[in-house]
Amino acid sequence: MMNRPVILCIDDERTILDVLKIELKRAFRRQYIVETVQGGEEALELVEELLEDNYELPLVICDYMMHDIKGDELLKRIHLISPNTLKVMLTGQTDIDAVANAIKYAKLYRYIKKPWDTEDLINKELEIKATTFHKFVPVQFIKLLNLENCDQIELGRCVEKTMTIMFSDIRGFTSLSEKMTPQDNFNFINDYLSQMEPIINKYQGFIDKYMGDGIMALFPTSANNAVQGAIAMLKQLVNSNQGWQSKGLQPIKIGIGLHTGPLMLGTVGGKNRMDGTVISDAVNLASRVEGLTKNYGTSLLITEQTYLKLADPLQYHIRVIDAVKVKGKSEVVTIYEIYDAEPPPILALKDQTRDDFEEGFVLYHWEEYQDAQPFFEKVLQINEKDQAARIYLERCQQILSMKMPQSPRILIVDDTLFDVHALSYILTKKHFEVSIADNGKSALTMAQHNRPHLILLDVMMPGMDGFETCRQLKAEPQTQNIPVIFMTALADTADKVKGFQAGAVDYITKPFQPEEVLARIKTHLRLSHLQNQSRLINLIKITHLELKAKIDYIITNGCA
């Protein structure tokens with residue numbers, strides 16, 4: 001068990017010490033050990049012993065007039081040993097110089113005239129220490145451990161409870177903090193946290209710990225309290241941002257994740273330093289859900305376990321947004337977005353598009369990516385800032401791009417009608433989807449609007465020739481990775497080199513042979529497909545585990 005805190009009383013009159021001890025013990029029973037000494041030197045020795053034995057010394061009550069050391073001088077020396085101890089000086093006569101000396105050198109908290117008022121002594125000096133203690137160890141934490149007083153805390157004590165866990169974090173605070181001085185950082189963080197803490201308390205939660213700019217809070221009573229508290233925090237942030245902007249500071253955004261589940265609440269540490277903490281998979285999942293708010297550009301996400309504990313989920317503006325696997329487990333957890341704190345125009349747009357979003361979500365998780373894609377496109381036509389819909393659309397496109405198409409799109413660019421008809425016939429017969437452009441400018445437009453898998457490009461055309469058309473295709477991000485095969489009657493090596501320098505991957509010589517044309521097209525389609533797979537895996541940061549698993553499967557097996 002932790003060493004109980006000690007109150008040290010110093011006076012050269014035994015009667016005074018006895019009265020002090022009786023009154024303090026009567027008031028606080030076993031919460032504090034009350035030690036008494038009759039001289040300054042003895043007091044200094046005892047203080048050093050107590051600190052060496054890891055006792056806390058919250059309060060020293062010292063007489064001013066003593067035979068060996070005056071009270072102000074003694075408190076000054078105690079302050080050097082234990083600066084965090086509250087110092088109170090008793091005096092039968094007011095000595096302004098002594099009081100001033102103790103204030104200056106010992107950080108004197110206050111002085112009390114003899115004879116003192118018991119209620120004044122007890123309430124003023126010791127309740128402040130209890131209040132300070134509970135700023136570090138919440139009263140709710142002690143109550144959940146079924147303890148009455150803080151001195152009953154012992155290492156390893158724990159209880160199992162089911163409650164809702166909240167993680168909250170400021171978005172992009174690292175880059176914001178780099179623009180502030182260290183003191184400005186502390187001032188800003190404390191300003192922010194001091195506005196969030198009362199809201200959490202109002203909804204019957206309590207803060208378990210601060211993590212820099214982050215908050216971990218527990219809501220033992222109900223999931224509704226946690227959700228309503230989170231919404232209130234987000235609405236308060238709107239007002240806070242207005243105040244910070246008026247001072248020239250940047251507005252901030254926060255993400256909040258909630259999960260409800262069983263956890264172990266208790267104490268960990270060693271003999272001389274322990275801490276209250278929560279241990280559970282539920283804590284890890286709540287933290288992970290908060291992290292997902294960054295991915296989806298949302299402010300508040302909850303798990304299905306929290307959703308199911310809500311008294312009436314329909315009282316909130318809510319939509320399903322993800323289904324994630326818990327790390328180290330096979331179960332899938334559904335994640336919901338609650339957007340009650342969004343500005344009214346955004347809230348209305350999300351309400352308007354919710355059915356289409358959730359229809360696309362269901363099709364996506366049924367692995368019907370082709371069917372899901374139009375629903376997310378429809379959402380974005382109405383609400384182009386819906387980051388979650390954009391992410392799902394990109395995921396569909398990424399997964400579909402991993403598949404070798406059954407009918408690859410081939411764009412033929414040639415002004416010779418006979419060559420176009422011949423190639424079109426050969427390719428259509430082999431189930432290719434063919435489109436035709438008779439000049440370079442039209443080819444550039446068509447490639448932008450309906451991206452082909454491969455381009456057959458004639459070199460000799462009026463206006464923009466094939467070399468320039470190829471260079472412009474390679475200069476545009478949307479078309480730069482489309483393989484281009486030149487078609488030409490030119491046999492000069494210099495022309496072929498010029499074509500490769502422009503970005504072509506191969507040459508077909510006119511008049512062409514059908515078998516050669518098909519062989520070269522199939523080879524370069526396969527090479528392009530493999531390059532696209534590698535490019536997506538290496539250059540696109542895929543944070544969604546299910547998506548990455550699907551892509552890995554497609555690469556390995558060659559199908560969806």
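A: Leaving out residues up to four places away in sequence, Asp11 touches Ile16, Leu17, Val37, Gln38, Asp63, Met66 and Lys114, where contact means heavy atoms within 4.5 Å. The model is predicted, so local features need pLDDT of at least 70 and side-chain atom pairs count only at pLDDT 80 or more, whereas totals for chains, interfaces and linings use all residues. Residues are numbered from 1 along each chain as its sequence is written, and side-chain values use heavy atoms, with hydrogens and water left out.

Asp11 belongs to the loop between β1 (6-10) and α1 (14-28); helices (H or I, at least four residues) and strands (E, at least two) are DSSP runs numbered from the N terminus. Asp11 counts as buried because its relative accessibility is 0%; buried means under 20% relative accessible area, exposed over 50% and partly exposed in between, with a 1.4 Å probe and protein chains only. The Asp11 side chain also reaches the backbone nitrogen of Glu13 at 2.9 Å.

Helix packing is the next topic. Two packed helices are described by the angle between their axes and the distance between the axes. Helix α2 (residues 40-52) packs with helix α3 (residues 71-81) at an angle of about 15°, the axes being 11 Å apart. Axes are lines fitted to C-alpha atoms, for helices over the stretch in contact, and angles run from 0 to 180 degrees between N-to-C directions.

Beyond its neighbours within four places in sequence, Leu193 contacts Tyr210, Gly212 and Ile215. Leu193 and Asp213 are 20 residues apart in sequence, with their C-alpha atoms 7.9 Å apart in space.

Finally, 5 strands form an open sheet in the order β15-β14-β16-β17-β18, with parallel pairing; strands pair if DSSP finds at least two bridges between them. β15 (433-437) and β18 (506-509) stand at the edges with a single partner strand each, so one side of each has no neighbour in the sheet.

Notes: A polar contact is a pair of N or O atoms within 3.5 Å; within protein, one must be able to donate a hydrogen and the other to accept it, and residues adjacent in sequence count only if both atoms are side-chain atoms.
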